[in-house]
Each structure stands twice: as C-alpha cells, then as structure tokens.
Amino acid sequence: MTPPSAQPGKLTPTKIGFIGSSAPSSPHHDSFRAFIPRDISFSFVQETGIKGSLYDARGKLDTLISEVKELSGQQDWNGIIISGAPKEALNPGMWQRVVAEIEKPVALALRSSVAALKAFRAKNILLMTPVDDELKKLYHDYLAEFEIASLYPPQTLRAHTDAQKLTSSDVEALTHDSLAKYSAVDAIYFQGALLDPLPVLQKMEDELRLPIVASNPAMLWMILSKLGQRYRIPGYGRLLSEWPELPPGSF
C-alpha cells in the first residue's frame with residue numbers, strides 16, 4: 001500500500017525518532033513504514049546495549065533516557081517514540097521520568113495504546129501479545145490502573161520471537177480463536193510488533209465489528225497528535241482512519 005499523502009500546504013517535514021530494541025532493518029518494521037505519511041521524516045534507531053531477555057529492560061532507565069536525549073539533540077527530532085512495552089511494565093514511574101527529563105513530546109507503547117483504547121471508550125479488552133504470562137500479568141495490571149479490564153489467552157509460543165514465524169493468516173486465526181473464548185470484550189489490543197496484525201487489521205475490524213488497537217499505530221497517532229497534526233490513513237483500522245482526539249488525562 002502506498003504511504004499516506006502529505007498534509008496540504010505543509011512545507012517542512014516533521015522529524016520523528018523511533019528508538020527500540022530492534023535494528024532499523026528488522027522485517028517487522030516494514031508494516032509500520034507502510035502507513036507513515038510521506039511528509040514525516042521518520043528515523044528508526046536501535047538502542048544501545050545487548051539484551052538477551054525482555055526482562056533486561058528492568059532498571060535501565062537512566063541509560064535509555066540519556067541516549068534518547070543525546071539522539072534527539074543530534075538529529076533535531078520534533079517528537080520521539082520509545083517502543084517496547086516491557087520497559088514500561090518493568091520500570092514503574094517511567095512515564096513520569098520521561099515527561100520530566102525529555103523536553104520533546106514522547107509516545108510510549110503501553111500509554112499510547114491506553115489512550116487509543118480510551119478514545120474508543122473500551123473498558124473490557126482482549127489482550128493479544130507474544131510475551132510470557134508474567135509480562136502479560138504486568139500489562140494487565142497497567143491497564144487496570146486506567147480502569148481497563150483485560151483478558152488474554154495463555155502463552156503457547158516457546159519464545160516471544162517465535163511470533164515472527166506466524167503468517168497473517170495465523171494471526172487472524174489466533175485472534176478468532178481467542179475471541180471465541182473471551183467474547184465479552186469491546187475492543188482488541190495487540191501489544192508487540194512481532195505478533196503483527198497490521199496486514200489484516202482492517203479486515204479483522206470489519207469482520208469482528210470491534211475496534212482493534214495495535215501499539216505501533218497507537219504510538220504514531222499519539223506523537224503526531226501531540227504535535228498538533230491530524231491525518232486520515234485508510235486501511236489500518238479506525239484509529240488511523242478516524243483519527244480521534246486524544247482523551248483527557250496524562251498521555
């Protein structure tokens with residue numbers, strides 16, 4: 001699909017930095033690149049440090065924030081996306097530190113997704129994520145702080161990276177099977193780009209008649225909204241095609 005058009009009359013590209021644990025060349029970034037508007041200068045950057053486990057993010061905020069501040073100054077970013085829900089779940093208070101210490105607008109995975117769910121007035125959601133049950137419980141507790149109840153299927157993958165082996169049809173089938181078991185929900189939330197719903201997100205929304213929030217579109221919607229920009233990006237679900245206002249609260 002062709003990337004969305006630029007905003008009429010916009011002359012200077014908005015510069016967004018995306019910092020995460022994966023290399024810029026990682027295949028799962030490709031589905032994200034497909035819906036980035038053409039007038040956005042978007043830089044994928046891999047954070048420093050070798051991580052053997054998702055849990056290695058615990059206690060590393062000082063290093064991460066210092067790196068983000070340095071990169072932002074060097075590349076003159078207008079806004080910053082810090083990906084990786086485990087960082088937020090494993091480091092309580094991360095949002096408060098980021099807001100206090102980074103001068104540019106920032107979007108985080110869990111918090112952006114909560115805002116998107118709030119924009120759809122979702123209160124009971126199906127959580128789809130490839131992480132282990134311990135991290136799922138942390139995500140569940142994080143959502144509960146915002147009065148969002150979540151249900152999630154038990155871990156079936158040997159490792160979260162095995163989600164990369166799933167086809168779009170596999171993701172679709174897994175979602176249908178999980179929804180059949182946990183049907184009393186008013187939205188679906190995909191956290192973790194390795195379990196990639198984006199190629200079939202619009203199709204699933206149309207079939208299931210439920211809003212589907214995925215973390216990457218949520219972070220893009222969040223950061224551009226914070227910068228006062230608004231788009232209509234079709235083909236990737238209601239969040240990007242309708243572009244609702246940010247909900248009240250600290251997002």
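**Aromatic pairs and salt bridges in a predicted model**

Student: How are the rings of F18 and F44 arranged, stacked, edge-to-face or tilted?

Tutor: A pair of aromatic rings is described by the distance of the centres and the angle of the planes. Planes under 30 degrees apart would count as stacked and those over 60 as edge-to-face. The centres of the F18 and F44 rings lie 5.0 Å apart with their planes at 55°, so the pair is tilted.

Student: How many residues apart in sequence are the parts that the pair of F18 and F44 ties together?

Tutor: F18 belongs to strand 1 (residues 14-20), whereas F44 belongs to strand 2 (residues 40-46).

Student: Which parts of the structure does the salt bridge between E47 and K87 tie together?

Tutor: The side chains of E47 and K87 meet in a salt bridge at 2.9 Å, N to O. E47 is buried at a relative accessible area of 9%, and K87 is buried at 7%. Since the partners are 40 residues apart in sequence, the pair ties together the loop between strand 2 and helix 2 (61-75), which holds E47, and, on the side of K87, helix 3 (residues 85-90).

Conventions. Residues are numbered from 1 along each chain as its sequence is written. This is a predicted model: local features need pLDDT of at least 70, side-chain atom pairs count only at pLDDT 80 or more; totals for chains, interfaces and linings use all residues. Side-chain values use heavy atoms; hydrogens and water are left out. Rings of Phe, Tyr and Trp (its six-membered ring) pair if their centres lie within 6.5 Å; planes under 30 degrees apart count as stacked, over 60 as edge-to-face and the rest as tilted. Helices (H or I, at least four residues) and strands (E, at least two) are DSSP runs, numbered from the N terminus. A salt bridge is a side-chain nitrogen of Lys or Arg within 4 Å of a carboxyl oxygen of Asp or Glu. Buried means under 20% relative accessible area, exposed over 50%, partly exposed in between (1.4 Å probe, protein chains only).
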